[in-house]
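Let's take a walk through this structure, one spot at a time.

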Amino acid sequence: MASYLNIERQKLLELISFDKKITRAKGLYLFTDTGDKYLDFISQFGAVPFGHNPDFLWQVLTAQQAADPGVMIQPFFSEGAQQLSRALVEAAPGDMKYVTFSCTGAEAVESAIKMAKAKTGRDIIVSATNSFHGKTMGAVLATGNEHYRLPFYPPSESFLHVPFNDAQALEDILSTRPAAAFIVEPVQGEGGMVTPAPGYLKTCEQLCKKYGTLLIVDEVQTGLGRTGKLFACEHDDVEPDILLIAKTLSGGLIPISACIAGKKAWTTEFGQLHTSTFANNHLATTIGCAVMKKLTEEPEIIAGVARVGAYLQARLRELVDRFPVAFKTCDGMGLMQGLTLQPWHDEESYLCPTVSGQGIIVPLVCAYLLNRHNICTLPTMNSHNVLRLQPCYLATEAEIDQLIHALEKAGELITQGKFSALIRAAAGIGEERPGVPDRPYKNPPIVPQGEKLGTFCFFVHPVTDMHTIDCMPGGQQAYTADEIEKIQYWLGKAKAFYGGASPAYYMPCIPSKNGGYVDGWLISSLLTPKDMMRLPKEKKEQLIHSYVGIAQENGADMIGLGAFTSVITRSGTTVADCGTPVTTGNAFTALTSTDSIRTICRARSEKMSLKTLGIVGVSGSVGRLCLLDIGAEFRQLYLIGNPRNKDNVDKQEVVAGEFLYKLFSGVLSESMTPLWKTLTDAGAEAVIQAHVNQLPDEDYPAETYRAMFRAVKQQYLETYGRTEGFPLLLSNDIEHALPVCDVIVTATSNGESFIRPDVLSPGAIVCDVARPSDLLQEVKQNRDDITAYDGGLVRLPANLRFGGPNIAELDTGVTLACLAETVILTMSQARKNYSIGGISSIEEAREVFQLALKHGFCTHLSERDIHGPAADKSQTSTTPKHTAAQVAYTG
Ligand code: PLP
């Protein structure tokens, strides 16, 4: 059936398999249409004191029907309102005189704010950080969590926040900024059930008196017994100027709230100007009266809250002691307790730490408790790592034991790193089949030698939806095909809420061959390139902002933009000024790719000078550097651009012109190659020289490069009367270009594979640098004759893995060159940006490559990559002793 309620709430419920249809509620239990029964530890955020549908309150209501009372009879005061106001004034601490009723907690807060401003003539309202006072305008501005404020209201000069439980901070502000009121919760409920030090509230009371500020005690959540006393402020013997209550007063049946004030806070203006249509409703106030009567006449109820609450707290403490890996701490008072979870460290997966950093783990535990143990819990609103435990006042030790048993099971699973059991519960799939192997792995302990050279942070993300499953505990093998489908659906929903960046893996030590070491973090989001491409501009910016923020929080000396984070920052340009040096890692990626091509050609005695090199994505940063580094060594070059722009080769002309310019101005130092000779014979050098004097003073004189290319091509035509044989061919059409290429570098940022097996020439060597791969899987499956390998892979100076997944299930000791570049620059204590903007110089790239060799990094190739398909049968995957560059480097 279609639902017309808040769709975002619906999505959140679905995400943790909380989308149950509750058809009945009684006492401590909720019942569903499917016959399930759940023990309720939420109690509508503390608004259900006597269990669901308490008989005594329904009797009060039904009795009212027979009497035909005046229920909505404004402007007259209803009988119920008269009685309840009397009961509240009698019960409240201090000398209270006036009660203003409304329907919700937030409205009571609004009343209090207006009252205080009217009384004092002051504008400022002070509240505590991490507080929660509701979501109407005044209440949300007082709420100490900007998450709920900023999307709606800019920061307001009139609402100031001081740290909770810090009386000095309060005095500092009250003494300098005359404030109308200080509003405070005795226990921060939505803040994570945080109890202040004993005496804090009393000191607040004294400070408010000293500075002429009214003290508003917000007992919307704590009030009427929840903490084991009728009012929580009684624990500290405090008499507020204004006292707010709501939740419990409703008896879990009819919304009602009250702002109870003393003479000191009341003004004629407030009394004359503040009204509300539904205030003083007879039915709601009659229920309120029955609630007050019950609580005052049966003191054993609140005594029970204190006793069972203490029992709950003691059992939670035991849990924290027994499962320190799972549970960090617990806090609370009476039957409002919170259990703080530890972040999930998982060496086996990136997904768990990533989502853990974004606050999903409590929801996952809630999903587990609900779907495996039939217990209803939720996180607190401000503190997403706190599990709220807030049963109704009728809860006994038996229900607490039931909860603790379920939490023990959760604690065991978390301690054993069996996070998938919790994810399964959220994704709505069954428990794990026995016999699924773990993916245990451990890096050898590396004792840091010498000086710490710095900390790097490298940005990663899953490249495809399937890769996301690989990044989950157990990887693909832990799930059936049907389960994978469900998990992918679940991940799709999870990304909508948890799409930001978080630390995914910490590497404590990578030693340099040159001495010293670095440590660093992989920082990840759940978004794939496809997801990122769909983001609107401001969401992309937010995503990158969250990556950079996490890197800086973790003390990054160098940030590496892995994979698509480089694309969405326009090769790093949008973060170039973030305050931390940044690299895209393109230099080492390109040069390790060209190194791999040289190594393969040399091992197979293939003469590059007789071959055609095709570069797909040549105008991208990596493709361009590959061209500049190795192009001159080939006979012919095919510069291939974005296949989506079939007829537009403008960009390739620029890169081709740059190549020609650098070839003939000595930058590339590969003169006398056949390609150079072909061009020289056609008079290219003179043509380039003629343009050199006109080079504009720009970082990248694209127009001049294009003109150079066109002029050289024209010169060739004039010399030979034809363009056949001109060695620089441009195209965007892979169908046309690739069949004539012997060696191919493919380095697009297409986000999806697109190169089919049938467009590749027999025996082609394809260095695929793109992530996700540009080559369709069929290439490796159907074309035995072809050497297609992942370019841009390097060996680290030590046999380490970046966690179980090692980025993309790479071999131990092997990593991405772009990550390696980040590490190398950190080892080199580089203090500037590298490989930024897609136009970085070949000289800089070569400098990075030399630094890499110095620190002990080298290009990674398997025997099959080096020797071709024939090596398959005899060899296993190993690393060559020396790549071309090392031979050159070691002389
Ligand atoms: N004040 C406190 C302390 C609360 O805990 C809450 C709600 O949880 C409110 C105010 C807002 O109450 P309501 O949601 O009824 O507006």
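Start with helices H23 and H24, which pass each other in a right-handed crossing. Bear in mind that what you're looking at is a predicted model. H23 covers residues 621-630 and H24 covers residues 650-664; their axes come within 10 Å and cross at roughly 30 degrees. Angles under 35 degrees count as roughly parallel, so H23 is roughly parallel to H24. Who does the touching here? From H23 it's Arg-624, Leu-627 and Leu-628, and from H24 it's Val-655, Glu-658, Phe-659 and Lys-662. Sort the residues of this contact by type and you get four nonpolar, no polar and three charged.

Stay with H24 and look for its packing with helix H25, residues 674-681. The axes of H24 and H25 are 12 Å apart, and the angle is about 95 degrees. That angle falls within 65 to 115 degrees, so H24 and H25 are roughly perpendicular to each other. On the H24 side, the contact uses Phe-659, Leu-660, Leu-663 and Phe-664, while H25 brings in Leu-675, Trp-676, Leu-679 and Thr-680. This contact divides into seven nonpolar residues, one polar and no charged.

Now jump to helix H1, residues 7-15, and find helix H18, residues 481-497. Their axes come within 10 Å and cross at roughly 130 degrees, which makes H1 oblique to H18. The handedness of this crossing is left-handed. In H1, look for Glu-8, Lys-11, Leu-12, Glu-14 and Leu-15; they meet Tyr-489, Trp-490, Lys-493, Ala-494 and Phe-497 in H18. The tally for this contact is six nonpolar residues, no polar and four charged.

Next stop: the ligand. A polar backbone atom of Phe-132 is 3.4 Å from a nitrogen atom of the ligand. The side chain of Gln-221 has an N or O atom 2.8 Å from an oxygen atom of the ligand. For Lys-247, too, an N or O atom in the side chain is 2.8 Å from a ligand oxygen atom.

Last, a few backbone details in the loops. Most residues other than glycine have a negative phi, and most peptide bonds are trans. With that in mind, look at Asn-53, a residue other than glycine whose phi is positive, near 50 degrees. Asn-53 sits in the loop between helix H2 (43-46) and H3. Then move on to the loop between helix H3 (55-67) and helix H4 (79-91), where you'll find Pro-75. Is the peptide bond from Gln-74 to Pro-75 cis or trans? That bond is cis, with omega near 15 degrees. There's a cis peptide bond between Arg-771 and Pro-772 as well, with omega about -5 degrees. To find Pro-772, go to the loop between strand E25 (765-768) and helix H29 (777-782).

Methods: Residues numbered from 1 in each chain as written. Predicted model: local features only at pLDDT ≥ 70, side-chain atom pairs only at ≥ 80, totals over all residues. Heavy atoms only, no water. Axes fitted to C-alpha atoms, helices over the stretch in contact; angles between N-to-C directions. Helix = DSSP H or I, 4+ residues; strand = E, 2+ residues; numbered from the N terminus. Parallel < 35°, antiparallel > 145°, perpendicular 65-115°, else oblique. Left-handed = near helix turned anticlockwise from the far one by under 90°. Contact = heavy atoms within 4.5 Å. Nonpolar A, V, L, I, M, F, W, Y, C, P; charged D, E, K, R; others polar. Polar contact = N/O pair within 3.5 Å; in protein donor to acceptor, adjacent residues only side chain to side chain.
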